[in-house]
Amino acid sequence: MTGALLKSTRQAPGCRAVLASLFCLLVSIPTDHLGAQTPSIPRPETRRNLVLLTLDTVRADALGVNGSRTARTPNLDRLARTGVNFTLARAPAPLTLPSHASILTGLYPPAHGVRDNGAYRLADEQVALAEVLREQGYETAAFVGSFVLDRRFGLAQGFDLYDDDVTRDPAMLERYEAERPAGAVFEAFDRWLGVRDQRSGPASPPFFAWLHLYDPHAPYEPPEPFASRYAADPYAGEIAYVDEIAGRVVDALDRRGLAHRTLLAVAGDHGEGLGQHGEATHALFIYNSTLHVPLLLHAPGLLPVRVEVDEVVRLIDLAPTLLDYLGIPAALGEGVSLRPLVRRYGREGEGEPVAGGELTAYGESLYGELHLRWSPLYALESEGFKLILAPQPELYDLAADPGETTNLYAARPEVARRLQGELGRIADLDAPRDPVLAAPPDDETAARLRSLGYLSGSRPASRPGREGTAPDPKGKLAVWQQIQLATAHLGRGDDRTAAQVLAELLAAEPDIPLLYDYLGAAYVRLGEWAEAERVYRLAIDRGLATAANHAELGFLLARRDDAAAAEQAFLTAIQLDPASVVAHHRLGDLYRRTERHPDAIEHYRQALEINPAYVFAWNGLGMALAASGADDAALAAFRQAVEAAPANAPSLYNLAVQLERMARRTEALALYRRVIDLTRDDPALDAELRQATAAAERLVPNN
């Protein structure tokens, strides 16, 4: 069932288990001086527009221009060949949110504070590219393709429009893997351009538009014709699809006469393992299979053409570079402008080495520490060598061994010591890494939590010892591969197989917090309530329970009418993660069923403050308001539920019931007809909604 019904006497489960996506996860390097000159500020009418296109989960070698022999990428290749291609660009983390935070701020994760997906949020005091450009008179708009970049995670700062309307499918609400296809992201951008043209015409101020295309992220499910064309390699099919969308972006600019005065940047946020080093996807390791990303710049008349920069650059350098080319003398982040490097390569010829000014690149993954109780990993790449700091450290000569297969740590101790010393100066590895909360509670909520004996904060699962005492992820490769396998089964809906794999893993590895989340979620989806409760209680007993564990335990306790224990579980979930929309919503449901309507209304509203499109909370709020006699407010809430999910039958049904209660029978009958149309011949319809539809059919004449 996808939402509660106003006339129901029993509460439906609501949104099922929320899976923290395995794939969506995851200190400061001294500024290198490349001789950038401070530009003068151009007049408003001469300023170039800026379009930033970020490609999720795209390896540098996935582009034809960078050597791909699988996916065809003619549009991206054309941009590279008529602009600048940075062939050795490095991401700071193999995770979507931390890497995008670095792209937009020019800071490494230790400096901007976003070290993982979900629990972390870019703090308001950080300065982002959109804020700088808006202060310079730019219109700013963002169009993101995945829930992992939802506005609650802090990247919306500086944007006049932040379009994160990722899904209209209520079943995908609050799931990190929720996405909208690249074509839908482009269409939202294209509509915005059209409205902007109608509003302002030729006198429009310059604009900054960011488009995020998530499609290459696993599971790989490209649309046709790419699915058929790349049936043997669906990842390549996803790459070919986003290449087509990149071409549409260029065409949209061209047909509006904007291409000649737009600076276009294309950047990958991280790569994909594709089996290298035993990693099918990304998140855990920091080899260049997941840190080497494409980076392209294209601007007719502003940038040289056919320039390949074959030196290491960083994603933290992108924002300073863009500001430099736009003529905006603002310092941003700890990266540097790459304009002098482009100038040298453009002048001296493709591929010629440039002496001096070589950059060092930092990378990290805390995924092993935060989710698996394994050691974190840190990397530094400098002068052709790369050090990976781990319990068993690694050193690679990238010129001789670009695949990072031969560990020279013991053979080259002088290089290892130099890089380790440099890495120690970059990052305080023992500094606290508590997250900036994804949605800090307001004062009233914090006070209530404290009155119940809770702290007003969220923390990851209990942390292991420092690196050197926790297991090295390399030594857990077989376990990691099984986790990736189980996650793939979950993504395909094969919950039974996933549960079998996860149960075996948990028996052998009882100290991995993530396994309790995944196995409990699989049992919930299978309807095996007792097994799910057993798993969540095991996590609590071992001190490994997360907010998701407690929220799901609360749901199970509420199912068997243990209201007091369920309330405690939901409050604990909210204490661990105040941004848990699911916990707030389910606690509201519990309070509504026990006729504590003011408390229910409060928690529904808190859920909606975090996610205004959460249809389940709008439905619950409407029912609580209706039970309190606030008919007009209830009607408004149900209308919001329908707006959030126009094809959601429970939302339409509840709105029809409320209209009928308010003696607006004609409007109610029209909605009942829509409910009947939506639910007719639906084999998945649950008993409660089927009963409600039957009641609606009795009310609707001549149906």
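Which residues lie nearest the centre of the second largest pocket? The notes below start there.

1. The pocket. Leu88, Arg90, Val312, Glu381 and Leu398 lie nearest the centre of the second largest pocket, out of 30 residues that line it. A pocket here is an open set of points on a 1 Å grid over the protein atoms alone, where a 1.4 Å probe fits, with protein on both sides within 12 Å along at least five of seven lines; lining residues have an atom within 4 Å of a point. Its volume is about 600 Å³, meaning the space filled by probe spheres set on the points, which are joined across faces, edges and corners.

2. A word on the model. This is a predicted model, so to speak only of what was computed: local features need pLDDT of at least 70 and side-chain atom pairs pLDDT 80 or more, while totals for chains, interfaces and linings use all residues. Residues are numbered from 1 along each chain as its sequence is written, and side-chain values use heavy atoms, with hydrogens and water left out.

3. Who lines the pocket. Strand E2 (84-90), H8, strand E9 (307-314) and E11 each give at least two lining residues; helices (H or I, at least four residues) and strands (E, at least two) are DSSP runs numbered from the N terminus. The lining splits into 10 nonpolar, 11 polar and nine charged residues. Ala, Val, Leu, Ile, Met, Phe, Trp, Tyr, Cys and Pro count as nonpolar, Asp, Glu, Lys and Arg as charged, and the others, Gly among them, as polar.

4. The cavity. The second largest cavity holds about 60 Å³ of space; in a cavity the probe fits but cannot get out. Its lining includes Arg90, Tyr362, Glu381 and Lys386, with at least two residues each from helix H8 (288-291), strand E10 (361-365) and strand E11 (377-382). By type, six are nonpolar, two polar and three charged.

5. Strand E3. E3 runs parallel to E5 (207-213), with five bridges, and parallel to E4 (161-163), with three; strands pair if DSSP finds at least two bridges between them.

6. Glycine 268. This residue sits in strand E6 (262-268) and counts as buried because its relative accessibility is 0%. Beyond neighbours within four places in sequence, glycine 268 contacts Leu55, Ile103, Val293, Pro294 and Leu315 (heavy atoms within 4.5 Å).

Technical notes
Buried < 20%, exposed > 50% of the residue type's maximum accessible area, 1.4 Å probe, protein only.
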